[in-house]
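Subject: Structure handover

Hello,

Here is the structure we spoke about. Please look through it first; my notes on what was found follow below.

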Amino acid sequence: MSLIRRYGKVDRGRDGVVAVFVIVVYDFNEKRVAKALKICRKYLHWVQNSVFEGEISQANYVKLKTELSRLIDPEEDSVVFYIFRTKRYSKREEMGLKKGGDENIL
């Protein structure tokens with residue numbers, strides 16, 4: 001199902017490609033966590049341990065989910081995707097040590 005059909009009106013990136021804002025949170029076994037980190041870094045910005053965020057096109061969202069689904073052991077690991085049509089009306093607050101970059105602030 002396309003992101004537009006699923007989430008209604010979504011933003012278009014600078015290049016005109018339909019994009020949504022995604023937060024990914026994962027908990028992988030130690031054996032697979034480094035691979036999960038590498039996969040997520042290809043598509044999103046690292047925020048802190050096991051948390052990534054950023055705008056992503058539908059094509060890249062499908063690639064991200066496909067790569068993670070090949071890695072995950074459903075008996076030991078978990079991944080949560082928070083999908084927003086836009087980050088325009090959202091606010092992010094932080095407490096404590098800042099670990100990630102400022103590239104995409106929710």
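A salt bridge here is a side-chain nitrogen of Lys or Arg within 4 Å of a carboxyl oxygen of Asp or Glu. Before the findings, some notes on the basis. The model is predicted, so local features need pLDDT of at least 70 and side-chain atom pairs count only at pLDDT 80 or more, while totals for chains, interfaces and linings use all residues. Residues are numbered from 1 along each chain as its sequence is written, and side-chain values use heavy atoms, with hydrogens and water left out.

Salt bridges

By the rule above, the count comes to three salt bridges. One of them joins the side chains of Glu76 and Arg32, at 2.8 Å from N to O. This pair links distant parts of the chain: Glu76 is in the loop between H3 and strand E4 (78–84), Arg32 is in helix H2, and 44 residues separate them. Helices (H or I, at least four residues) and strands (E, at least two) are DSSP runs, numbered from the N terminus.

The two partners differ in exposure. Buried means under 20% relative accessible area, exposed means over 50%, and partly exposed is in between (1.4 Å probe, protein chains only). Glu76 is partly exposed, with a relative accessible area of 46%, whereas Arg32 counts as buried at 14%.

Arg32 also meets Asp77 in a salt bridge between their side chains, 2.7 Å from N to O. Asp77 lies in the loop between H3 and E4 and Arg32 in helix H2, so this pair ties together parts that are 45 residues apart in sequence. Both Asp77 and Arg32 are buried.

A salt bridge is also found between the side chains of Lys42 and Glu67, again given from N to O, at 2.7 Å. It links helix H2, which holds Lys42, to helix H3, which holds Glu67, across 25 residues. Lys42 is exposed, with a relative accessible area of 54%, and Glu67 is buried, with 18%. Salt bridges that share partners join Arg32, Glu76 and Asp77 into one network. As background, side chains of opposite charge can pair when their charged atoms come close.

What does Arg32 touch, leaving aside its neighbours within four places in sequence? Arg32 is in contact (heavy atoms within 4.5 Å) with Leu71, Asp73, Glu76 and Asp77. Asp27, in strand E1, touches Glu76, Asp77 and Ser78, not counting residues up to four places away in sequence. An unreviewed UniProt entry has the annotation "binding site" covering Asp27. UniProt positions are given in the numbering used here, feature names are shortened, and annotations may be inferred rather than shown by experiment.

Helix H2

H2 covers residues 30–43, and its buried residues are Arg32, Ala36, Ile39, Cys40 and Tyr43. They cover an arc of only 95° around the axis, which puts them on the same side of H2. The arc is that of the directions from the helix axis to the C-beta atoms. These buried residues pack against strand E1 (19–27), strand E3 (51–57) and helix H3 (58–71). The face turned away from the buried side carries the exposed residues Glu30, Ala34, Lys38 and Lys42. At the start of H2, a side-chain oxygen of Asn29 comes to within 2.8 Å of the backbone nitrogen of Lys31.

Helix H3

In H3, the residues Tyr61, Leu64, Glu67, Leu68 and Leu71 are buried. Their arc around the axis is only 135°, which puts them on the same side of H3. At 1.5 Å a residue, the 14 residues of H3 should span 20 Å, and its end C-alpha atoms are 20 Å apart, which agrees. The expected span is 1.5 Å times one less than the number of residues in the helix.

Leu44 and His45

Leu44 lies in the loop between H2 and E2 and is buried, with a relative accessible area of 4%. Not counting residues up to four places away in sequence, Leu44 touches Val24, Phe52, Glu53, Gly54, Ile56 and Leu64. His45 is in strand E2 (residues 45–48) and counts as partly exposed at 31% relative accessibility. His45 and Ile23 are 22 residues apart in sequence and 9.4 Å apart in space, C-alpha to C-alpha.

Regards

Notes
A polar contact is a pair of N or O atoms within 3.5 Å; within protein, one must be able to donate a hydrogen and the other to accept it, and residues adjacent in sequence count only if both atoms are side-chain atoms.
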